[in-house]
Amino acid sequence: MRLLLIGPPGSGKGTQGARIAAHFGIAHIASGDLLREEVAAKTPIGAQAAGLMSAGELVPDELILSMVMPRVLAAGGAGGYVLDGFPRSLGQAIEARRIADQHESALEHVVRLQVPAEDLIARLLNRAQLEGRPDDTREVIERRLAVFDDATAPLLDYYGDRGLLIDIDATRSPDEVFEQIVARLPQRDAA
Ligand code: AP5
Ligand code: MG
């Protein structure tokens, strides 16, 4: 099973990615989590990414591709993956597809998590109090939502044209959203 979760900030990519990975026994590859680890470890990648992340801007494609693609290829050869937050620009999607195709590791399903903007803002402001992520301020949340619309939403057509897209109403509880997703995917034994 090789799938991508696509949705705006706060739509539940991390929440559902962890559940899907556990259910299917596949790797959960979250570009934002990997970047936050690089920042915490004070690596050169972290130093390059930190300012962009705290402003809600995208980190350059080359940096992301070099960090994520080795993990995608390794997981593709070992049962599969659920991608969370990557690809999130057309440039990333095209390059990721080119590389994955060479290894027969291309995406099979793209799950779109749909939540209205006001709910997203409420979820992220709530998380700010629990976790204190530096990009969970109202100003940066609004910028992240705009970046999603500009840079990432065009991927919906890119994947829709290939017949990969599964639309999910992600406003319900995490359990209900998870059930909806699993119901739309091939079952474990057939995967
Ligand atoms: P990233 O870490 O990917 O952040 P994001 O896309 O802004 O999304 P979030 O992690 O905030 O939300 P989520 O969809 O995972 O939702 P979650 O499950 O946590 O990226 C951060 C930054 O890194 C980017 O801005 C960029 O700078 C950089 N970056 C990352 N990838 C990149 C890439 N490929 N290219 C370039 N730059 C990149 O849920 C949110 C909250 O809601 C939680 O508190 C959760 O408990 C709650 N919740 C979840 N589901 C529900 C539900 N069903 N009902 C009620 N509450 C819910
Ligand atoms: Mg996340």
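View 1. A nitrogen atom of ligand 1 lies 3.4 Å from an N or O atom in the side chain of Arg123, in what is a predicted model. The side chain of Arg88 also takes part, with an N or O atom placed 3.0 Å from an oxygen atom of the ligand.

**View 2. The shell around ligand 1.** Ligand 1 is surrounded by 30 residues, and the closest of these are Thr15, Ser31, Glu57, Arg144 and Arg172. By class, this shell is made up of ten nonpolar, ten polar and ten charged residues. At least two residues of the shell come from each of α1 (13–24), α2 (31–40) and α6 (117–131), and it is α2 that gives the most, with four residues.

**View 3. The largest pocket.** The largest pocket, in which ligand 1 sits, has a volume of about 990 Å³. It is lined by 47 residues, with Pro9, Gly10, Lys13, Arg133 and Arg144 the closest to its centre. Two or more lining residues come from each of β1 (2–6), α1, α2, α3 (44–55), α6, α7 (138–152) and α9 (174–184). Here, too, α2 gives the most to the lining, with five residues. Divided by class, the lining of the largest pocket holds 19 nonpolar, 15 polar and 13 charged residues.

**View 4. The second largest pocket.** The second largest pocket holds about 180 Å³ of space, and among its 15 lining residues Pro8, Arg112, Val115, Phe148 and Asp149 lie nearest its centre. The elements β4 (109–114), α6 and α7 each supply at least two residues of this lining, which by class has eleven nonpolar, two polar and two charged residues.

**View 5. The largest cavity.** The count comes to one cavity of 30 Å³ or more, and the largest cavity has a volume of about 100 Å³. Of the 14 residues that line the largest cavity, Tyr81, Ala96, Arg97, Ala100 and Leu107 lie nearest its centre. Each of α4 (61–76), β3 (81–84) and α5 (90–102) supplies at least two lining residues, and the largest share, four residues, comes from α5. The lining of this cavity has twelve nonpolar and two charged residues, with no polar residue.

Key: Residues numbered from 1 in each chain as written. Chains lettered and ligands numbered in written order. Predicted model: local features only at pLDDT ≥ 70, side-chain atom pairs only at ≥ 80, totals over all residues. Heavy atoms only, no water. Near = heavy atom within 4 Å. Polar contact = N/O pair within 3.5 Å; in protein donor to acceptor, adjacent residues only side chain to side chain. 1 Å grid on protein atoms, 1.4 Å probe; cavity = no way out; pocket = protein on both sides within 12 Å on 5 of 7 lines; lining within 4 Å. Sits in = over half its atoms within 2 Å of the grid points. Nonpolar A, V, L, I, M, F, W, Y, C, P; charged D, E, K, R; others polar. Points joined across faces, edges and corners; volume = space filled by probe spheres on them.
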